[in-house]
Amino acid sequence: MLNMDFNDLDLRQLDAFSAVMSAGSITGAARLLGRSQPATTRLIQDLEESLGYPLFHRNGPRISPTEQGVLFFEEVERLLVSLKHIRERAGAIGRGEARPFEVAATPALSIGIVPDALAAMGGGTLPRLLHIQSLSAENVVQTLLARAADFGIASLPIEHPGLDVHWIGEAPCVAAVAAGSELARQDTIRIADLAGACIITMANPYRLRRRVNEAIAQAGVTPLRVIDTNASLTALSLARAGLGVAIVEPASACGLLPEGLVLKPLDVHIPFLFGTVSPAAKPLSSTLIAFNDALREVAARRLPGFRLHEAGKREALADAVYGADAPAPTAAKGRPIR
């Protein structure tokens, strides 16, 4: 939290600090703010004096944030975004418009199903202002708990008493291979066929990566190498370049498939679990109810092998899929990938 008296909080100083962090220099920040360089320097110095610690290291004209400056920026960024949204909502109230809403979603889901869900709602249902944040699943949870977003969609586990889970979806992971590769001619990618190949997958060991590792181990496969990344689109791009076979969740793959890449089902079921969530004890507006329904309908239509689960089963599902005692992968089921 901000370590300063609220009465000392000067938004001009915080704006100047945020601009310096974004631009990387006092000169660049002054241009962004439309202020002189001396005035911007003075604002930063006054903020540091108020805080009682330096925000930047100085080396002649060069500056770089201190460790405290980096941590403070996280707080300032959240505050400035919140203030911006308050202004927007105040304006919407004055104009008698539907209130803006903020959605926090993982990158895969914000690409794979959020756009089609919004499109399905129609322009007349949506507010004039929408904010969509692409965050890690962990940060989606934290953003909702901080009430900095109205609605979220993220992969499991999302167990927290401060959140209401509305529905849980499951769909099998898929293999993405370059269109000209030998594997692209197969109907199904067998994990056993990946021995001696490069496997591209996700880095987070507490979500999909655990299940991918289990499938590889169960098949007794030793890949030539493993490339991991924190973004499904990066994995897809690597596969398109012919660097290996990407094993990824189906949302981003089916939502925005790069040219030159084909999707194939796997011979084992590696489940991708995700759900819609909102802050607990905060009733959904009619717009968010419609958005939640649209997300579920798009997921069912877009994701091959989609299954809907009751929200109350999220803990058991997460334990079964991501827990230490998760069962071995089973034979893949579900309709073929087109």
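This is a predicted model: local features need pLDDT of at least 70, side-chain atom pairs count only at pLDDT 80 or more; totals for chains, interfaces and linings use all residues.
Helices (H or I, at least four residues) and strands (E, at least two) are taken here as DSSP runs, counted off from the N terminus. Numbering starts from 1 along each chain as its sequence is written, and side-chain values rest on heavy atoms, with hydrogens and water left out.

On that basis, the protein comes out with 12 helices and 15 strands. Of its 338 residues, 45% are buried (under 20% relative accessible area; exposed is over 50% and partly exposed is in between, with a 1.4 Å probe and protein chains only).

Next, the loops. Ala 281 sits in the loop between β13 (271-279) and α11, and its phi is near 60 degrees, a positive value in a residue other than glycine. With 75% relative accessibility, Ala 281 counts as exposed. Arg 147, in the loop between α7 and β5, also has a positive phi, of about 60 degrees, although it is not a glycine. Arg 147 is partly exposed, at a relative accessible area of 47%. A cis peptide bond, with omega about 0 degrees, joins Leu 156 and Pro 157; Pro 157 belongs to the loop between β5 (151-155) and β6 (163-172). For context, most residues other than glycine have a negative phi, and most peptide bonds are trans.

Then there are two buried threonines. Thr 287 is part of helix α11 (residues 286-302) and, at 12% relative accessibility, counts as buried. Neighbours within four places in sequence aside, Thr 287 touches Phe 101, Met 121, Thr 125 and Pro 127. Its C-alpha atom is 9.9 Å from that of Pro 100, a residue 187 positions away along the chain. Thr 229 belongs to strand β9 (residues 225-229) and is buried too, with a relative accessible area of 10%. The side chain of Thr 229 reaches the backbone nitrogen of Ala 231 at 3.3 Å. With neighbours within four places in sequence again set aside, the contacts of Thr 229 are Thr 201, Met 202, Ala 203, Thr 234 and Ala 235.

Met 202 turns up again at the second largest pocket, where Thr 106, Pro 107, Ser 155, Met 202 and Asn 230 lie nearest the centre among 22 lining residues. Elements giving two or more residues to this lining are α5 (107-112), α7 (137-145) and α9 (232-240), and α5 gives the most, with 3 residues. On a 1 Å grid over the protein atoms alone, a pocket is an open set of points where a 1.4 Å probe fits, with protein on both sides within 12 Å along at least five of seven lines; lining residues have an atom within 4 Å of a point. The lining splits into 11 nonpolar, 8 polar and 3 charged residues (Ala, Val, Leu, Ile, Met, Phe, Trp, Tyr, Cys and Pro are nonpolar, Asp, Glu, Lys and Arg charged, and the others, Gly among them, polar).

Notes. A polar contact is a pair of N or O atoms within 3.5 Å; within protein, one must be able to donate a hydrogen and the other to accept it, and residues adjacent in sequence count only if both atoms are side-chain atoms. Contact means heavy atoms within 4.5 Å.
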